[in-house]
Protein chains: 6
Amino acid sequence: MRPSQRQADELRALRIERNFTRHAEGSVLIRMGDTHVLCNASVEESVPPFLRGKGQGWVTAEYGMLPRSTHTRTAREAAKGKQTGRTQEIQRLIGRSLRAVVDLKALGERQITLDCDVLQADGGTRCASITGAWIALYDACEKLVAAGKIAENPVRDHVAAISVGIYRGVPVLDLDYPEDSDCETDMNVVMTGSGGIVEIQGTAEGEPFTRAQMEQLVDLAAAGIGRLVGAQRAARE
Amino acid sequence: MRPSQRQADELRALRIERNFTRHAEGSVLIRMGDTHVLCNASVEESVPPFLRGKGQGWVTAEYGMLPRSTHTRTAREAAKGKQTGRTQEIQRLIGRSLRAVVDLKALGERQITLDCDVLQADGGTRCASITGAWIALYDACEKLVAAGKIAENPVRDHVAAISVGIYRGVPVLDLDYPEDSDCETDMNVVMTGSGGIVEIQGTAEGEPFTRAQMEQLVDLAAAGIGRLVGAQRAARE
Amino acid sequence: MRPSQRQADELRALRIERNFTRHAEGSVLIRMGDTHVLCNASVEESVPPFLRGKGQGWVTAEYGMLPRSTHTRTAREAAKGKQTGRTQEIQRLIGRSLRAVVDLKALGERQITLDCDVLQADGGTRCASITGAWIALYDACEKLVAAGKIAENPVRDHVAAISVGIYRGVPVLDLDYPEDSDCETDMNVVMTGSGGIVEIQGTAEGEPFTRAQMEQLVDLAAAGIGRLVGAQRAARE
Amino acid sequence: MRPSQRQADELRALRIERNFTRHAEGSVLIRMGDTHVLCNASVEESVPPFLRGKGQGWVTAEYGMLPRSTHTRTAREAAKGKQTGRTQEIQRLIGRSLRAVVDLKALGERQITLDCDVLQADGGTRCASITGAWIALYDACEKLVAAGKIAENPVRDHVAAISVGIYRGVPVLDLDYPEDSDCETDMNVVMTGSGGIVEIQGTAEGEPFTRAQMEQLVDLAAAGIGRLVGAQRAARE
Amino acid sequence: MRPSQRQADELRALRIERNFTRHAEGSVLIRMGDTHVLCNASVEESVPPFLRGKGQGWVTAEYGMLPRSTHTRTAREAAKGKQTGRTQEIQRLIGRSLRAVVDLKALGERQITLDCDVLQADGGTRCASITGAWIALYDACEKLVAAGKIAENPVRDHVAAISVGIYRGVPVLDLDYPEDSDCETDMNVVMTGSGGIVEIQGTAEGEPFTRAQMEQLVDLAAAGIGRLVGAQRAARE
Amino acid sequence: MRPSQRQADELRALRIERNFTRHAEGSVLIRMGDTHVLCNASVEESVPPFLRGKGQGWVTAEYGMLPRSTHTRTAREAAKGKQTGRTQEIQRLIGRSLRAVVDLKALGERQITLDCDVLQADGGTRCASITGAWIALYDACEKLVAAGKIAENPVRDHVAAISVGIYRGVPVLDLDYPEDSDCETDMNVVMTGSGGIVEIQGTAEGEPFTRAQMEQLVDLAAAGIGRLVGAQRAARE
């Protein structure tokens with residue numbers, strides 16, 4: 001029995017609010033249960049130095065948690081003067097996941113930065129960030145098309161992410177914080193709308209997991225991501 | 001004529017949403033027109049080293065802007081590895097303003113940190129932070145009272161803040177970004193519910209201002225703060 | 001009765017020593033009682049990136065305290081690896097105050113940096129910095145005129161600053177450290193030679209202050225600044 | 001055809017040199033082809049603050065690359081003043097992987113730090129670090145047993161890691177740098193001696209990968225890790 | 001012919017002003033020609049962690065240059081967020097030199113920090129710092145004796161420092177900046193009042209120097225230090 | 001009697017291994033007894049900003065210690081976020097020493113960086129770094145000649161370094177760690193193949209040393225360096 005009373009393969013309630021802030025070219029507040037992430041896409045008409053003159057664009061991400069998004073207050077990274085290893089790991093993952101579905105040449109020599117800021121955390125913030133950031137990115141590209149800067153939207157497919165894990169011996173979908181902090185195995189899976197795997201990261205928190213368990217988890221994740229992609233489609237309409 | 005078509009003494013639309021996030025002991029989303037600040041109060045059962053064993057508490061604040069709260073993206077302070085002078089100036093102001101109305105002895109040996117994070121900026125973020133943080137602080141103290149940790153709420157009075165300025169020769173109330181970036185004089189005033197002045201900071205952006213202009217600005221601010229205090233009262237009910 | 005036996009409206013003994021060091025284009029050691037600040041002006045023939053090609057100059061300031069300028073030793077900011085919020089607040093104030101009286105277009109595409117380093121502190125260091133830096137700035141501009149780089153001195157008016165406060169219920173001028181650390185209200189006022197207000201920053205340290213008290217403090221400050229401007233004039237002769 | 005002429009399922013030449021330096025409690029130079037990593041284990045008789053008094057030990061890791069371990073010189077992290085996100089990601093992975101096979105309670109209240117410093121890099125440095133660090137960790141624990149500080153070696157199983165990937169459409173084992181920088185999919189797998197999965201991290205560098213490809217890669221990795229564990233056993237004799 | 005017209009073995013004009021600031025336990029402004037260094041001694045009634053409970057004291061130093069002590073403005077180390085290698089090298093040298101003549105056990109469990117801040121630089125700042133800091137240190141210890149905290153002054157001997165060098169083929173004493181930036185060999189020598197060598201640092205800036213040149217330089221330095229020690233004695237009377 | 005049973009004028013066993021790593025243009029593992037330093041030379045086809053367009057090259061050095069090169073683990077500088085004063089002092093010394101024997105004009109507009117990383121420390125790491133780095137530098141220059149980029153090797157002479165000291169009253173050559181941490185005087189001498197002195201740094205750790213002792217130490221060092229230069233010659237053949 002899950003603490004939230006959900007079924008093993010049940011996602012948390014998902015709400016997607018577009019245009020949450022007004023300055024960003026794409027702005028999405030995604031809520032997966034009590035995990036709320038604000039995903040803002042910013043378009044800049046230049047690329048980082050390593051790409052200059054190469055005729056392609058770039059998509060990158062930054063991630064942050066508001067100090068009191070967590071159960072007890074977490075020190076502000078800006079005040080400490082550096083980002084933790086966890087923050088850097090997450091923002092690299094978000095950037096890679098999004099780039100997997102973008103035609104960077106079609107984007108042209110510009111950069112889109114996705115800022116994923118967690119307003120409230122209850123587990124699964126990196127997955128919610130990817131799922132929400134995809135919509136913000138898509139919206140920002142639509143504006144570039146509408147402004148005549150690019151001929152067509154360079155986002156070639158959906159991408160979404162979900163966590164799965166083994167909680168008290170049972171494979172479950174979309175871990176919330178109580179499950180996440182008490183599970184045996186934790187896995188994050190990033191997949192495209194057409195079912196390709198972009199990223200898989202599984203970690204045994206206690207006992208190593210078996211190959212069979214791995215297969216169950218990936219099955220569960222694939223099903224969940226299918227539903228998230230459906231929600232992304234619905235949100236764009 | 002103001003860019004927003006407001007009257008010279010007209011505040012922007014004010015909306016206050018309490019309990020915006022669920023982990024913080026006080027959580028307020030304050031919106032003054034297009035300036036939106038999330039103010040979270042966190043209670044910690046200890047005080048900073050310089051106060052240990054002195055039988056009193058502490059109230060402090062931190063301030064941040066989401067990178068895309070601004071018209072064009074601002075670099076993330078956590079990524080740059082330090083807070084700007086502006087950020088530090090603002091968070092010191094918020095902390096001082098709130099401490100002015102708190103009986104720190106009555107608070108007991110605990111610290112309340114107010115995190116003021118700007119989700120969307122359109123001028124006046126420091127003032128909105130103070131006005132909103134006061135409510136979050138009050139709510140957090142109410143919880144301490146309800147939990148029996150303190151006998152009565154140590155917040156002794158309201159405190160609120162507003163900006164005023166001379167825009168194209170006319171004293172105006174509650175500057176928005178287009179006015180703020182184009183005004184001759186800019187003043188932030190912090191006052192209590194009973195009309196005492198806690199802080200006044202006036203700056204000539206171009207020409208120095210006269211004593212008479214200073215008086216007009218303070219009058220305007222006092223009227224505006226009266227209305228903000230009314231809104232704080234209404235929000236608590 | 002003030003700890004220093006001064007009258008309520010009495011300034012501390014003021015001494016201004018020009019050309020204190022020999023490399024700086026302007027170099028002033030200002031002593032207000034036991035507060036001693038070395039103000040050095042450095043001219044650089046370039047402007048910061050945000051002003052390049054705009055046909056104007058820039059005036060900026062940096063502030064520091066020698067570790068043992070204070071009653072007990074303060075940690076060296078260079079050793080800690082960062083400047084405190086207070087330092088940044090003060091150096092921003094000095095820069096703004098000086099720019100208020102400089103015709104930046106007449107200065108041409110060059111930058112003047114005012115380094116205000118406190119050799120000995122006894123309250124009022126930011127005000128002494130502004131008053132002394134103005135002279136160093138003026139002297140540096142005179143050298144530019146003498147060298148034929150600019151046609152006339154772009155410093156259009158004097159600027160000076162003084163602190164005032166309510167100490168044991170009485171408004172007093174030019175707080176020294178014992179008063180500053182024990183006063184109810186503290187205000188710094190920056191005014192021009194022609195009496196315009198450039199900056200006013202009043203803070204209630206304990207009880208909020210009333211509008212009437214505010215007026216008294218500004219009156220007191222205006223009188224004091226008049227005398228400081230006189231001293232600046234005298235020092236230049 | 002692989003650039004190195006290896007078979008698809010062929011590991012690079014593996015050499016393990018124990019006691020490479022003399023101060024560390026465990027010191028292993030592991031060479032996988034041209035990737036050379038020095039893994040030093042240091043025992044400290046205390047634990048980090050979050051574990052004090054909990055009756056258990058800790059195992060952690062730090063990772064670094066000598067500036068000229070790479071084809072062209074990489075800036076020294078100590079000189080830049082911070083570790084990259086990649087470094088932090090890798091050292092967190094090494095620490096987690098080793099902890100998965102250590103009985104931390106049996107280790108007692110002490111910490112073992114594994115420093116993995118890359119002397120020469122040719123792809124697969126994180127995997128070589130894990131495989132080599134395990135031996136250094138085991139050796140350090142043997143010394144604790146020999147010194148009578150613990151009753152038995154708390155390392156309960158082997159752990160080793162290998163990279164696999166899809167290179168020009170073919171799943172291959174143990175990528176070297178030319179393959180790593182040109183492959184379609186890259187996966188790092190960490191497994192125990194008894195075949196449990198500790199960590200799996202697969203990333204599509206270009207096209208997403210299919211479920212079938214994922215299975216092939218995990219099969220290949222499992223076979224390779226079996227051989228690495230054999231080499232660890234042999235090295236200890 | 002030296003740029004300053006001095007004889008080869010001639011020191012610059014030396015002026016020593018004690019009690020230059022009033023808060024420090026010892027405060028000396030030393031001027032060697034145009035090199036002016038303010039040396040402040042601060043006594044703290046505790047020692048650094050590595051000495052706690054060992055029944056001895058510590059003497060350490062910090063060094064800094066005001067930004068416009070130099071011919072052209074040097075960036076402020078506090079603003080850059082770190083001290084240069086040169087600064088650290090110098091402050092370590094000052095500390096070592098002073099400790100060589102202090103009986104740390106007789107000092108008791110307290111630390112004296114010597115802050116050497118260069119107000120104006122014209123070569124030889126590290127040597128002037130040592131020579132001046134010795135007096136500040138001595139004065140601070142005298143106050144400890146006067147206060148009855150220690151029985152006798154733990155400073156057992158004088159220590160002073162001078163630079164020597166080979167300038168246009170001639171060994172010269174007490175290099176000023178024009179000589180320092182154009183000499184072939186530069187040497188700093190630190191000696192005690194009784195003629196013992198505490199530190200010798202010689203560097204060939206261009207051509208290596210010979211053993212015979214080394215001897216000449218040390219002779220010259222010894223003579224100069226004898227005169228500096230005489231000046232220290234005189235200043236204390 | 002020395003702890004190592006060596007004669008007073010006996011060097012530790014010296015082993016020099018060229019081409020230790022394969023990417024660096026020069027790569028030398030130097031072992032002086034239990035002190036092992038990896039010296040890698042990297043050639044970059046550009047010079048630092050202060051030398052651009054001046055028609056000359058640059059030689060610089062960086063120094064680091066692996067965390068467990070020392071008897072007990074030393075914190076990693078990259079993790080602490082800054083290099084110690086000692087590290088900076090050493091890398092400046094290495095760079096200066098090497099530049100003394102290089103014709104920078106003949107090197108052309110390129111920079112060679114010598115990374116000296118201590119794998120195992122037992123005293124004398126800075127001297128071993130200089131002696132080993134010289135070979136790596138020479139080898140890197142040979143490659144530039146072989147590649148036709150420069151006409152002849154710009155390294156004009158050998159340079160090597162050794163420590164000497166007074167240990168229990170006796171001048172001894174090539175201090176190891178037990179001697180280094182317990183000697184009265186410690187001196188590092190850097191000399192060229194033709195016997196010129198490049199750098200001499202002598203420090204009294206306890207009692208000041210006499211002029212006669214200084215002479216004995218320099219004699220001892222000169223003899224030792226002669227043997228090191230012989231070993232450098234032998235290694236190149």
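A few reading notes come before the tour. Residues are numbered from 1 along each chain as its sequence is written, while chains are lettered from A and ligands numbered from 1 in the order in which they are written. Because the model is predicted, local features need pLDDT of at least 70 and side-chain atom pairs count only at pLDDT 80 or more, though totals for chains, interfaces and linings use all residues; side-chain values use heavy atoms, with hydrogens and water left out.

Let us begin with chain D. Here five strands form an open sheet in the order S1-S2-S3-S5-S4, with mixed pairing. Strands (E, at least two residues) and helices (H or I, at least four residues) are DSSP runs, numbered from the N terminus, and two strands pair if DSSP finds at least two bridges between them. Strands S1 (14-18) and S4 (58-65) of chain D stand at the edges with a single partner strand each, so one side of each has no neighbour in the sheet. From one strand to the next, the twist averages 15°. Within this sheet, S2 (residues 26-32) and S3 (residues 35-44) of chain D are joined by seven bridges in the antiparallel sense, and D:Ile30 has D:Val37 in S3(D) as its bridge partner.

Helices pack against this sheet. Helix H2 (residues 85-99) of chain D lies across S4 and S5 (111-120) of chain D, at about 145° to S4(D). Helix H6 (residues 211-235) of chain D touches S1 and S2 of chain D, and its direction makes about 30° with that of S1(D). Contact means heavy atoms within 4.5 Å; axes are lines fitted to C-alpha atoms, for helices over the stretch in contact, and angles run from 0 to 180 degrees between N-to-C directions. The buried residues of H6(D) include D:Leu217, D:Leu220, D:Ala221 and D:Gly224, where buried means under 20% relative accessible area, exposed over 50% and partly exposed in between (1.4 Å probe, protein chains only). An α-helix has 3.6 residues a turn, so residues three or four places apart point the same way.

Chain E also holds an open sheet of five strands, in the order S1-S2-S3-S5-S4 with mixed pairing. Its edge strands are S1 (14-18) and S4 (58-65) of chain E, each pairing on one side only. S4(E) and S5 (residues 111-120) of chain E run in the parallel sense over eight bridges, with E:Ala61 opposite E:Leu114 in S5(E). Helix H4 (residues 125-146) of chain E packs on the sheet, and its direction makes about 35° with that of S3(E).

Now for the charged side chains. Over all chains there are 150 salt bridges, each a side-chain nitrogen of Lys or Arg within 4 Å of a carboxyl oxygen of Asp or Glu. One of them joins B:Arg12 and B:Asp122 (3.8 Å, N to O). B:Arg12 sits in the segment before S1 (14-18) of chain B and B:Asp122 in the loop between S5 (111-120) and H4 (125-146) of chain B, so the pair ties together parts 110 residues apart in sequence. Both B:Arg12 and B:Asp122 are buried. In chain C, C:Asp139 and C:Arg18 meet at 2.8 Å, N to O; C:Asp139 is buried at 7% relative accessibility, whereas C:Arg18 is partly exposed at 29%.

What joins chains F and D? The side chains of F:Arg76 and D:Glu62 form a salt bridge (2.8 Å, N to O), and both residues are buried.

We finish with strand S9 (residues 197-204) of chain A. Eight of its eight residues are buried, so S9(A) is largely enclosed by the rest of the structure. S8 (residues 185-192) of chain A pairs with S9(A) in the antiparallel sense over seven bridges, and the two form a hairpin with four residues between them. S9(A) also pairs with S9 (residues 197-204) of chain D, antiparallel over five bridges; there, A:Ile200 has D:Gly202 as its bridge partner.
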